[in-house]
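Try each one yourself before reading on to its solution.

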Amino acid sequence: QTSWDMPTPYPDGNFHTRNILQFAEEVGEKTGGELTITVHANQSLIKHPDIKTSVRDGVVPAGELLVSRLENESPIFGVDSVPFLASSYELSRKLYDAQRPYLEKLLEEQGLQLLFSVAWPPQGIYAKKEVTSLSEMEGMKFRAYNLGTERVAELAGMVPTQIEASDIPTAFATGRVEAMITSPSTGVDSKVWDFLTHYHDTQAWLPRNMVIVNKAAFDALGDDVKAAVLEAAAEAETRGWEMSQVETAEKTQALTDNGVTVVAPSEELKAGFAEIGAKIADEWKASAGADGEALLQTYGGN
Amino acid sequence: MRRFLDALYRYAGWAAAISIFMIFALVGLQVSARLLDAGLRLAGQRPLGLIIPSIAEICGFLLATASFLALAYTLTTGGHIRVSLLLHRVGPRVRHVFEVVVGLCAIALSLYMTVAMARLTLRSWNFNDVSYGFIPVPLALPQGAMTLGLAILTIALVDVTLRAWLHRKYVQSSEA
Amino acid sequence: MGIFELSILLIIVMLVALATGLWIAFSLSAVALVALASKPALPAAQVMATSFWSASISWDLTALPMFIWMGEILFRSRLSENMFTGISPFVRRIPGRLAHVNVLGCTVFAAVSGSSAATTATIGKISLPELQKRGYDDRLAIGSLAGSGTLGLLIPPSIILIVYGAAVEESIARLFVAGVIPGLMLGALFMGYVAVWALLNPDKMPPREARVPWRQKLQAIRELLPVVVLIAGVIGSIYGGLASPTEAAVVGVALSLVLARMQGALDWLRFKEGLLAATVTSCMIAFILAGAAVLTTAMGFTGLPRQLATWIGELGLSPMMLLAALTLLFIILGCFLDGISMIVLTTAVIMPLVVAAGFDLVWFGIYLVVVVEMAQITPPVGFNLFVIQGLTGRDLFAIARAALPFFFLLLLMVVLLALFPDIALWLPRTMFSA
Ligand code: NA
Ligand code: NA
């Protein structure tokens, strides 16, 4: 009998967390109690930035994190956050399939194994007014939290501003920031209607979370337990992607219900962002080397 | 030896103070840049949008550096607090025993912390762990500073405990 | 080992470590190691190192050394004395007179800082020496500082409300607004206590100063001017969109440096002294926070807080009984854990109970913060007590005793909140009615 502690970054109500709680439950059932997983949600055991290292170093056997958090280690980790490269669930899934072998290789170098990975709802632009073209965004204070978002701001002529996630409501209320790009989920979770008015459904990219295990801890399990974990993981992945789409519909509706104006991006805005996206994709390819090129070839090929 | 040790604690303390000052300077620059932008907007000009990349992460690293490099200096100047109620109520012989035993416990704990932190640093170094934000800062840098601070603290604890044992000189809590 | 035996063992280890005079940060780490040893499969050293690391690099925490430094600069300048001479003609007739400055100062400063440690350290550095110099009762000064320092958590901005809001997916803006009235009410309760105490203990109050003519009162207002500029500058930088609440601390330091320099109270020597003193104090607090973080992680692994909360859930209590039981649980946990840890370790189990009992989540957040405020002043682990021990060198338990009346006032506030939920809910409802 083995029991695992599993830290995850997001709160209990989040759909990723709900999916993982069900995964943990199913592992318990499938293994007949051979392996029990205790989920510690909301960074209550380990903080988000330290989850990967904690799994790698054997502090905990498994954990969840945002894949693109690791993009400073290798650009491969950040391909899901290249703006406008894969801007629908279908394309995002295709990109994941293309990325998966390289992702697994990188993780394996650190003694880690990928169990499953689930996309967040697509990223859209929140602002205090409706924008229909890039020129209207010029000079706006835009929340940048990594190189990708800073590059978007820069290429769109916006003023990049660093705002910590917990600081978003205050920053909007006091005018330190005027626009941000994030998912409808995050928008609803932080009750954006308290401080802004418009959501542009640009579907810029679909970042993903992943659940990883320590390879040594996994290998120490019995063969039938291993098989049960992998089976539960595969089911959790399918379920997670479905939950994510339901989440997108529900949370976009919730935005409307609470008085946020949800608009489809105008053709002009789309064209402007497509141009920016192509530029950033080229830059990404240049930085990601041969593996990156091969990845994109697989992605564009089939 | 005495002078060397005191200088060691003091220089580490100063390095910590400089880290604190760097937090002040970085955040100050960021706020000034925003002030400048606000002025430019008022004057109808285009704001510059200067940002200090990864400011939150870097300030966090500077804070960790400061907190740990100052440990020994804080100990020897009586800055670390403890419950002294019992120590002041028992006789001098019992107090002496308490002080030495507590010193030895603290040395053991501090040594354990130093080794634990050193191993974390080493792993970060070997795996080339970097931070998440704009600038990929090698995590081994601030972790190394924390390890160094704990190592100096261990030395200071040995120093303090020896003085307690041999000369009955105990670390005083600072009175304001 | 059962969960019950483990709890007893950990409490004994902590009390013995503390009683023999082991430094507090080491005591917390030692208890954590004992807790981790109950799960032998865990790599205890790695858990410790990781906890140290992630607790020490917090961006929100960077405001703490800045505010402490600001206090050190003001302490070395004439500003703190000016503040006292400026206020004193106006409080001459109020029972308690200058003994109210801790409550007033902390209430105002709470609107600037998001943590109780920063509030207590900054105000205490200025007020305690001045109150002592003027012959005010030590216990009252220390107690009122310990109590009202906790207002930093309730009056926005508040780090702990951000943590809670993120955990239960409640609007942080609403939580902030909800904290305003209870925060001001607590301030009023504290001042009421100070006044009553002063009326009951006239022999412990310093002699009344002579009456001040009007012209001198105007003079006094001028003395207050620099302090007003300072506070307005810091709050203004937040609401004017120039600085986040964390960054505003730096604005406070910069303004204090300028004002001290203008008074001619800032030379290179004093600058160095102030910076070094701030470094020492913030090191002391940061090391204790690191020790507390290891203990929190160890508690997470042992599952102790979670099991206690589950046990309460299984009692099947009525809403009011549930609230009473939770208050008791948090008071007990609050003796040994810091506030934020208490919340993150128990929300997973407690929030479903709270939702099922029909409590409003914004209201519950305010209730939780008041309970956490109580935890800040209960020994052996109470961060306001630590800060004040750092300031005065007094013993932890003596400080806790001085703070006891304020603990009961906070408890009274909990009861008031339970009886009249609108204390917290009226303002957000009015402000956010769509
Ligand atoms: Na506050
Ligand atoms: Na406490």
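**Exercise 1.** Work out how many residues of chain B are in contact with chain A.

*Solution.* Start with the cut-off: contact means heavy atoms within 4.5 Å. With that, 24 residues of chain B touch 26 residues of chain A. Keep in mind that this is a predicted model, where local features need pLDDT of at least 70, side-chain atom pairs count only at pLDDT 80 or more, and totals for chains, interfaces and linings use all residues. Residues are numbered from 1 along each chain as its sequence is written, chains are lettered from A in the order in which they are written, and side-chain values use heavy atoms, with hydrogens and water left out.

**Exercise 2.** Find the salt bridges between chain B and chain A, then see what chain B brings to the contact.

*Solution.* Look for a side-chain nitrogen of Lys or Arg within 4 Å of a carboxyl oxygen of Asp or Glu. Next, pick out the helices (DSSP runs of H or I, at least four residues): α1 (2-42), α2 (55-69) and α5 (92-127) of chain B each give at least two residues to the side touching chain A. The largest share, four residues, is from α1(B).

**Exercise 3.** Check what form residues 12-31 of chain B take.

*Solution.* UniProt, in an unreviewed entry, lists "transmembrane region" at several spans of chain B, including 12-31; such annotations may be inferred rather than shown by experiment. In the model, residues 12-31 of chain B are 100% helix and 0% strand, with end C-alpha atoms 29 Å apart.
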